[in-house]
Amino acid sequence: MTTTPRLHWWLSLALLALCGGVVVVFLGPQKFLPVRARPAGDENVLRIVYSQALRPDPHVRPAPISSYNLFILSLWEPLVECDPATGEPRPAAAASWSWSSDYRTLTLKLRPDARWSNGDRVTAADFVRGWLRLLRQRVALAYALFPVKNAEAYHRGARDKPAAVGLRALDDFTLQVELDEPRTSLVAELADPLLAPLHESTEKVLAEYRFYKQPASLVTNGPFRLIGVSGDGYRLESCPFYHGRAQVRLAGVQFIRATYAMTGALMVAAGEADVVPSMSYAPEREWPSNRPTVVESELTLGVAANFFNVTRGPLRDLRVRRALALALNRENLIEESDRTRMVPAWSWVPDMPGRKGLALFEENSAQARQLLAEAGYPGGRGLPVLRMSLPLWMEGDTYAVASTERWFRELGVRTYVAYEAPAARNERLNAGDYDITYGSLVATVPDAADLLSTFTMPAEYTETKWHDDETSRLLAAANHKTGVERLALLEQAERRAMAAVPAVPLMFERRHTLRSSEVQGWYGDPLARQSPKRLWLELVPAMSPGDPTPGT
Amino acid sequence: MKHSTGSGTEAGWRNARWGWGLWLVGTIALVAFLWWDARAWLQDAPQATFRTTKLNLWPLEILWWLFVPAILLVQRSLTRVDRHWPWALGLHGLLAAVITGLFIIAQAGRLLLVNHLPVSFLPVVVDDMRWLGEWSYLPALIYLAVILALYAFGYYREWRAGQRLTHQLQVANAQLETRLVRASLDALKMQLHPHFLFNTLNSITSLIRNNRTREAEDIVAGLGGLLRRSLDHRQEAMDTLEHELDFLRRYFEIESIRFQDRLKVEYEIDPKCLRAEVPSLLLQPLAENAMKHGISKDPAARLLRISAARDGTRLVLTVYNDGPPLPKDEAALNLGIGLQNSHARLLMLYGDEARLRLRDTPPHGVRAEIILPFRPSPSP
């Protein structure tokens with residue numbers, strides 16, 4: 001037996017080479033990497049990255065919503081679209097619209113020049129067909145049409161005749177929508193990509209997946225049409241039949257699948273792609289190439305909040321609820337790593353196009369302590385332990401319980417956090433056997449009323465158990481108004497609801513989009529309904545490695 | 001310490017060649033299949049994508065197949081340095097890290113190809129994977145577990161080889177001991193024949209002197225048969241009781257000529273005992289003693305009785321004569337070379353399990369008794 005460590009020379013050499021190779025890869029250069037030139041013929045093709053499966057079906061909406069919206073709004077055009085600056089509805093497939101005097105019937109006139117990608121005319125019947133398909137699908141997305149008369153009943157199977165639904169194609173170019181209740185926000189709601197029309201052939205093409213091998217078989221009415229499908233994504237080209245083709249500056253759009261949003265960002269850095277929608281946070285790493293990029297940021301239309309059960313013990317007292325709201329410190333609540341994503345919420349409705357968020361809350365621990373003392377609980381003494389009910393999946397979510405720590409430190413209020421399985425928690429919520437919950441609301445309609453509607457529901461169905469007739473009246477009145485009058489009523493409703501503090505808004509969320517500086521025309525949208533038809537490319541020469549790294 | 005025989009090494013090399021061959025065939029088959037599956041993508045066909053190839057879809061663990069020979073080779077090499085365990089430990093640690101790194105790089109390579117990123121982005125992808133928590137350290141654990149198992153198996157095999165060697169040595173020792181015992185037995189047997197011959201030749205001489213030539217001739221003929229038979233069994237340490245009694249009968253035929261009609265020999269033999277195994281020429285010295293110290297000492301004595309019976313697991317052999325009792329001073333003393341030899345042989349063959357004793361049987365007579373384990377003879 002030899003006692004000398006001895007390996008074959010070639011084995012030692014191989015090991016050394018392997019180690020060297022691994023070290024080179026792990027410590028290799030990560031800056032100033034070369035950028036690939038745009039492929040010939042693609043100079044005017046926008047390349048968008050998506051990281052979750054996409055399907056060219058307006059009624060299958062995967063997350064993240066922005067990739068889906070970009071894809072569907074490339075292929076289909078709804079009746080209206082919202083102005084990026086004001087949020088006001090603008091004609092798209094519809095040329096005009098009018099309300100009946102009671103705001104229960106909306107009549108839309110379609111463009112006579114609207115064409116499908118195969119040249120067929122787009123008719124009102126195509127919208128009715130598409131919307132009825134949405135209602136027939138047993139998916140949660142059908143709620144978008146629930147304001148329409150009998151739509152929910154048809155969706156749930158309580159009514160089986162499509163004719164019962166308040167949708168009428170009065171003629172080829174006239175569509176009539178009958179509502180259960182007045183809802184002037186409905187016009188803006190029609191900008192939802194879900195409410196795209198369907199060509200008579202489309203349902204079958206989607207059901208048979210024919211578009212994979214015959215992309216042209218998918219007939220759409222949007223600014224682009226499908227010309228290629230592969231495992232790596234979809235290729236679209238500008239549609240020659242689109243009524244607004246003169247305004248569409250892109251020759252095509254390519255949707256490229258990436259494994260993660262982060263690898264999508266690398267694709268942008270390498271010159272393989274131009275846009276990564278739905279970056280959950282701004283990339284913090286050093287940018288690997290000199291390709292100029294911009295991180296766009298927009299507030300989403302949603303709010304994370306604590307909900308107080310106003311029928312429970314000390315929380316019946318407005319002073320206690322206000323004290324709990326005043327004692328918060330939203331800036332400290334947000335974790336350092338989330339600074340670019342989360343924003344302190346001082347109102348229930350965040351900033352949105354045409355409507356600035358209100359400043360309804362403030363933070364003042366001294367005043368909070370005073371209010372609590374006035375309510376009979378100085379330093380939290382005498383106040384029972386508050387039960388916070390959270391779903392099991394929220395265990396580990398630091399935001400859900402961050403307020404409880406603050407309440408204890410500032411007010412001496414103790415909280416018991418109970419994580420519960422869905423069935424047990426539902427039972428507890430229905431029975432009202434809790435004091436506080438935490439959750440998020442996300443709007444699906446570009447209108448403040450959507451977030452505020454949680455305060456108009458019957459008390460037994462809400463987490464706050466709070467109901468105020470006047471707030472409900474104000475929101476109902478807003479549904480009879482449009483424009484400035486409507487906004488004023490919504491503001492009154494929000495102020496009134498927040499003054500009663502049934503819930504405390506904590507944070508709003510930002511959505512990030514990474515784009516190459518070559519991409520022009522990008523605009524913010526709280527519901528991420530950007531349409532590629534508004535975008536264009538301005539190619540810039542590639543920067544040399546010596547040039548300063550562009551700010552992101 | 002490694003122990004192997006020439007044939008063992010040859011078998012080991014044969015197995016190793018088979019192993020390498022199988023690995024090579026498997027590798028070629030695997031590469032060929034992966035190439036065939038990804039041919040469209042490799043040929044840059046339109047619509048073809050790396051994403052749907054098995055190269056991307058199959059679990060990365062397939063890499064272990066490629067690593068197996070390298071791991072075995074390294075482990076085999078490092079086993080030789082086991083007395084330098086810090087070296088082995090360090091090298092295995094390094095290898096575990098390298099293999100983990102290779103897995104991470106392979107995963108990053110996949111991400112690179114799936115996302116159409118240039119090769120120069122590989123370090124960036126590797127770093128991004130760390131951000132995403134996609135660095136898996138499982139390969140290091142698997143490697144170390146496999147190495148531990150290989151070491152354990154190796155040591156177990158060596159232990160088994162040691163055990164086998166010990167057993168072989170024990171067998172060899174036992175065989176050597178048996179050979180020594182057999183040599184001793186042969187030497188003792190060799191002492192019997194001269195002793196008997198001496199007595200018989202004395203008898204023949206006496207007969208010739210007394211002009212009893214006819215009887216002397218009979219004895220010579222009987223002796224010739226006896227010696228022939230004795231020579232036939234010379235190489236055998238054990239014999240059946242049946243053969244032993246047959247030998248004894250021939251012996252008494254000679255003795256009865258010497259003693260004319262005075263000698264009466266009786267046999268009380270349990271037939272079940274005839275196939276029992278006994279040391280060859282065991283009874284003859286006892287019979288000779290009975291003749292010498294019993295029958296020939298007392299003119300009235302004439303009976304000699306041989307008996308054999310089974311007592312459970314024991315065989316009881318007796319030789320009785322109705323001659324005078326044992327001399328007082330001789331009972332515990334040496335009764336002759338033949339008897340001593342019989343005693344020594346019993347001790348060597350059976351140890352404490354066998355016994356030989358002489359007893360007076362008042363009013364007259366002496367009985368010699370041998371007790372030994374009852375064992376049926378293996379020979380037919």
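Q: What is the bridge partner of R305(B) in strand 5 of chain B?
A: In this predicted model, where local features need pLDDT of at least 70, side-chain atom pairs count only at pLDDT 80 or more, and totals for chains, interfaces and linings use all residues, that partner is Y320(B). Residues are numbered from 1 along each chain as its sequence is written, while chains are lettered from A and ligands numbered from 1 in the order in which they are written.

Q: What makes strand 4 and strand 5 of chain B a pair?
A: Two strands pair if DSSP finds at least two bridges between them. Eight bridges join strand 4 to strand 5 (residues 314-321) of chain B, so the two meet that definition, and they run antiparallel. One further bridge partner in strand 5 is L315(B), which goes with R310(B). The two strands form a hairpin with two residues between them, and G312(B) in the turn has a positive phi of about 65°.

Q: Why is L286(B) called buried?
A: A residue is buried if 20 or more other C-beta atoms, placed from the backbone, lie within 10 Å of its own, exposed if 12 or fewer, and partly exposed in between. L286(B) has 26 other C-beta atoms within 10 Å, so it is buried. L286(B) sits in helix 10 (residues 283-295) of chain B. For the chain as a whole, buried residues make up 24% of the 380 residues.

Q: How do you know which residues L286(B) is in contact with, leaving aside neighbours within four places in sequence?
A: Contact is decided by C-beta atoms, placed from the backbone, that lie within 7 Å. By that rule L286(B) is in contact with V319(B), S342(B) and A368(B). The C-alpha atoms of L286(B) and V319(B) are separated by 6.7 Å, though the residues are 33 apart along the chain.

Q: What makes a set of residues a nonpolar core, and which residues have the most contacts inside the largest one?
A: A nonpolar core is a set of buried Ala, Val, Leu, Ile, Met, Phe, Trp, Tyr and Cys residues joined through C-beta atoms within 7 Å. The largest has 162 residues, and L266(A), L452(A) and V125(B) have the most contacts inside it. Helix 5 of chain B gives the most to this core, with 11 residues. Another core, of 36 residues, lies apart from it, and A216(B), L241(B), A308(B) and L346(B) are among its members. In soluble globular proteins, nonpolar side chains tend to be buried together.

Q: How many residues of each chain are in contact across the two chains?
A: 36 residues of chain B are in contact with 32 residues of chain A. Helix 4 (63-79), helix 5 (85-114) and helix 6 (122-131) of chain B each supply at least two residues of that side of chain B. The predictor gives the complex an ipTM of 0.80 and a pTM of 0.72.

Q: What makes residues 1-7 of chain B a stretch to read with care?
A: pLDDT is the predictor's confidence in each residue, from 0 to 100. Chain B has a mean of 82, and 85% of its residues reach 70 or more, but over residues 1-7 the pLDDT is below 50. Chain A averages 91, with 95% of the residues at 70 or above, and its pLDDT stays under 50 over residues 1-5 and is below 50 over residues 548-552. Where pLDDT is low, the predicted coordinates should not be read in detail.

Terms used:
Helices (H or I, at least four residues) and strands (E, at least two) are DSSP runs, numbered from the N terminus.
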